[in-house]
2 protein chains.
Amino acid sequence: MWEREAKITDAELEVMEVLWQGGDLTLAQVKEGVTARKGWSGDTVKTLLRRLLEKGAVGQEKRGVYHYRPLVSREELGDYKTRTLIEKLYDGKAKDLVAALVERRQLDRSDVAELRDLFDKLWEERGEDA
Amino acid sequence: MWEREAKITDAELEVMEVLWQGGDLTLAQVKEGVTARKGWSGDTVKTLLRRLLEKGAVGQEKRGVYHYRPLVSREELGDYKTRTLIEKLYDGKAKDLVAALVERRQLDRSDVAELRDLFDKLWEERGEDA
DNA sequence: GCATATAGGGTACAACTGTAACCTCATTTT
DNA sequence: AAAATGAGGTTACAGTTGTACCCTATATGC
């Protein structure tokens with residue numbers, strides 16, 4: 001993911017959210033989706049969609065009427081934003097973020113259980129090599 | 001941490017970083033610290049410090065010359081930004097963030113070891129109650 | 001005492017963001 | 001066909017952010 005895509009703003013994120021869920025939508029459908037979530041005017045949605053096109057985060061294809069689809073996945077964007085957050089506030093150490101989540105009680109009992117298993121398995125799989 | 005403090009921008013973060021390290025600094029010292037890191041003009045640093053004061057993220061105290069000190073800790077800010085990131089991109093589930101870090105290989109062998117132990121211990125401590 | 005450096009206050013200004021309105025042309029409705 | 005509706009294009013406008021300059025009063029160096 002290049003820099004331009006990375007600068008997706010909060011308002012634009014709402015539009016991406018609708019596209020991530022819908023996959024391939026007309027403007028009318030995007031408007032509907034975003035308006036349902038946020039109550040913004042259709043014109044506002046249009047502007048956000050245009051900016052996302054300019055940023056290369058969304059693609060448009062003319063099939064009768066234009067259809068829009070995300071060019072960045074939520075996973076990619078999450079990954080990017082998480083990495084920059086770790087850089088800026090956790091001294092570049094992903095582990096410190098996880099430790100902070102634990103410290104701050106952001107993980108409940110079942111999360112801890114799942115993650116304990118996950119790290120156990122991970123240790124088995126990747127423990128010996130590399 | 002209230003909303004105003006949360007909106008610390010990237011440029012402002014550099015100033016916070018210096019204050020977090022220095023604790024209680026004069027403008028001249030903050031300028032020096034930030035300029036050393038980023039090469040920005042002293043005036044720029046002044047502006048950023050003023051905005052941080054307005055946002056309530058930094059306090060000022062006149063002892064001869066003004067001294068500045070952070071009113072928000074790096075931990076608080078990290079926590080806040082992490083939580084909003086989780087809200088916006090991981091469906092509110094902290095566990096999903098951690099799983100993504102694993103998936104994306106953001107944790108190395110020793111991180112995995114440490115975290116495995118951490119979650120093990122956490123499971124022992126908090127496993128039975130709550 | 002005069003020159004100069006510095007602290008503090010105010011102003012600047014373009015790019016980006018949030019939130020929209022306006023205009024025009026084609027299509028559908030009556 | 002006249003009117004209403006909708007798609008697409010363009011423009012708007014205040015607030016925020018990044019990055020800095022200018023002015024004044026005071027302190028400091030000779």
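Predicted model: local features only at pLDDT ≥ 70, side-chain atom pairs only at ≥ 80, totals over all residues.
**Exercise 1. Contacts of Met16(B)**

Solution. 
- Step 1. The largest nonpolar core has 67 residues. Met16(B), Phe119(A) and Phe119(B) touch the most other members.
- Step 2. In soluble globular proteins, nonpolar side chains tend to be buried together.

**Exercise 2. The sheet of chain B**

Task: In what order do the 3 strands of the open sheet in chain B stand, and why is one side of β1 and of β2 left without a neighbour?

Solution. 
- Step 1. Take β1(B), residues 25-26, and β3(B), residues 65-70. They run antiparallel and are joined by 2 bridges. Thr26(B) has His67(B) as its bridge partner in β3(B).
- Step 2. Take β2(B), residues 58-63. It pairs with β3(B) over 6 bridges, again in the antiparallel sense. Here Gln60(B) stands opposite Tyr68(B).
- Step 3. The order is β1-β3-β2, with antiparallel pairing. β1 and β2 of chain B each have a single partner strand and stand at the edges, so one side of each lacks a neighbour in the sheet.
- Step 4. Check the turn. The hairpin of β2(B) and β3(B) has 1 residue between the strands. Gly64(B) takes a positive phi near 75 degrees in this hairpin.

**Exercise 3. The surface near DNA strand D**

Task: Which elements supply at least two residues each to the surface near DNA strand D, and which one gives the most?

Solution. 
- Step 1. Set the cut-off: a residue is near the strand if one of its heavy atoms lies within 4 Å of it.
- Step 2. Look at the residues. There are 18 around DNA strand D, and Lys46(A), Tyr66(A), Thr9(B), Thr47(B) and Arg51(B) come nearest. By class, 6 are nonpolar, 4 polar and 8 charged.
- Step 3. Assign elements. Chain A supplies α4 (42-54) and β3 (65-70); chain B supplies α2 (10-22) and α4 (42-54). α4(B) gives the most, with 6 residues.
- Step 4. Turn to the DNA side.
- Step 5. List phosphate contacts from chain B. A backbone N or O atom of Ala11(B) lies 3.4 Å from a phosphate oxygen of DNA strand D. For a backbone N or O atom of Ser41(B), the distance to a phosphate oxygen is 3.5 Å. Thr44(B) uses a polar side-chain atom, 3.5 Å from a phosphate oxygen.

How values were computed:
Residues numbered from 1 in each chain as written. Chains lettered and ligands numbered in written order. Heavy atoms only, no water. Polar contact = N/O pair within 3.5 Å; in protein donor to acceptor, adjacent residues only side chain to side chain. Helix = DSSP H or I, 4+ residues; strand = E, 2+ residues; numbered from the N terminus. Nonpolar A, V, L, I, M, F, W, Y, C, P; charged D, E, K, R; others polar. Pairing = 2+ DSSP bridges. Core = buried A, V, L, I, M, F, W, Y, C linked by side-chain atoms within 4.5 Å. Buried < 20%, exposed > 50% of the residue type's maximum accessible area, 1.4 Å probe, protein only.
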